[in-house]
Amino acid sequence: MIKGIQSVNVQRYQQGEITPPTEDMIAQEVPVALVYNGISHVVMMATPKDLDHFAMGFSLAENIIEAPSDIYGIDIIETPQGIEVQIELSTRRFSELKQKRRTLAGRTGCGICGTEQLEQICPVVAPLAFSQTFSLAHLSAGLGYLKQVQTVGQITGCTHAAVWLSAKGDFIAGFEDIGRHVALDKLLGFRAKQPDTQGVVMISSRASYEMVQKAANCGVEILCAVSAPTSMAVALAARCGLTLMGFCRQQQGVIYTHPQRLSV
């Protein structure tokens, strides 16, 4: 059995009749608590795979850490209630985390649940360098990689994906999850531990504000989304220097910001 999938019995309505029970596969959704130095910070509903990358990516994308070296260790512990990802932070980063007083009741569709004040929604994102380019001739290949990495999704139809391509369009890595934010966090966590972080990130979902924010916080210069962006996402991408593309299809898409990184 593929990790992240479980079996259920279902009945189907087909051609005016209800069929006898048959076996079907569904994606697992479990509560995953990120616990920093013994204190639970956030609970997200997620697919229980690649959780070490999730912990690293979430920590970077949410500015809890500045670099992977700020995390001394990650332990994944299954409990009757769900999964605890216990993260050992440096003393300095843990002290700063406690000062934020941010408690999230995470859901797969919301990246700012639990934010205490409006001012916390729009933190400053450092301007990105203009060091990368990407030929849109590789766009179609990237869309194919999004499908390939969804081993759970291909069986259940229930996941999102995020993939990382080199500037030449070669596949580097990809991750899936029931939550689009979590899929991106997993990819960003993996990416942060590699010696070379050049390349393009593609996501199977819409590009909402927090998806752009996560990518920019981790130094991603080019983000391509299968679905639409939101107004706040476009504004943030324009402000921080991120190249944002939406409605990506075979040999087509809409470029919203900073097209100078893209060529045909």
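User: How are residues numbered, and which confidence limits apply?

Analyst: Numbering starts from 1 along each chain as its sequence is written, and side-chain values use heavy atoms, with hydrogens and water left out. Because the model is predicted, local features need pLDDT of at least 70 and side-chain atom pairs count only at pLDDT 80 or more, whereas totals for chains, interfaces and linings use all residues.

User: Why is alanine 183 called buried?

Analyst: Its relative accessible area is 1%, and buried means under 20% (exposed is over 50%, partly exposed in between, with a 1.4 Å probe and protein chains only). Alanine 183 is therefore buried. The residue lies in helix H5 (residues 180-192), a helix being a DSSP run (H or I) of at least four residues. Its contacts (heavy atoms within 4.5 Å) include His160, Phe175 and Asp177, not counting residues up to four places away in sequence.

User: What makes aspartate 70 a residue with no salt bridge?

Analyst: A salt bridge requires a side-chain nitrogen of Lys or Arg within 4 Å of a carboxyl oxygen of Asp or Glu. For the buried aspartate 70, the nearest side chain of opposite charge, arginine 93, is 4.1 Å away.

User: Which residues are closest to the centre of the second largest pocket?

Analyst: That pocket has a volume of about 190 Å³. Of the 16 residues that line the pocket, Leu60, Glu66, Asn217, Cys218 and Gly219 are the closest to its centre. H5 supplies the largest share of the lining, three residues.

Conventions
Lys, Arg positive; Asp, Glu negative; His and termini not counted. Helix = DSSP H or I, 4+ residues; strand = E, 2+ residues; numbered from the N terminus. 1 Å grid on protein atoms, 1.4 Å probe; cavity = no way out; pocket = protein on both sides within 12 Å on 5 of 7 lines; lining within 4 Å. Points joined across faces, edges and corners; volume = space filled by probe spheres on them.
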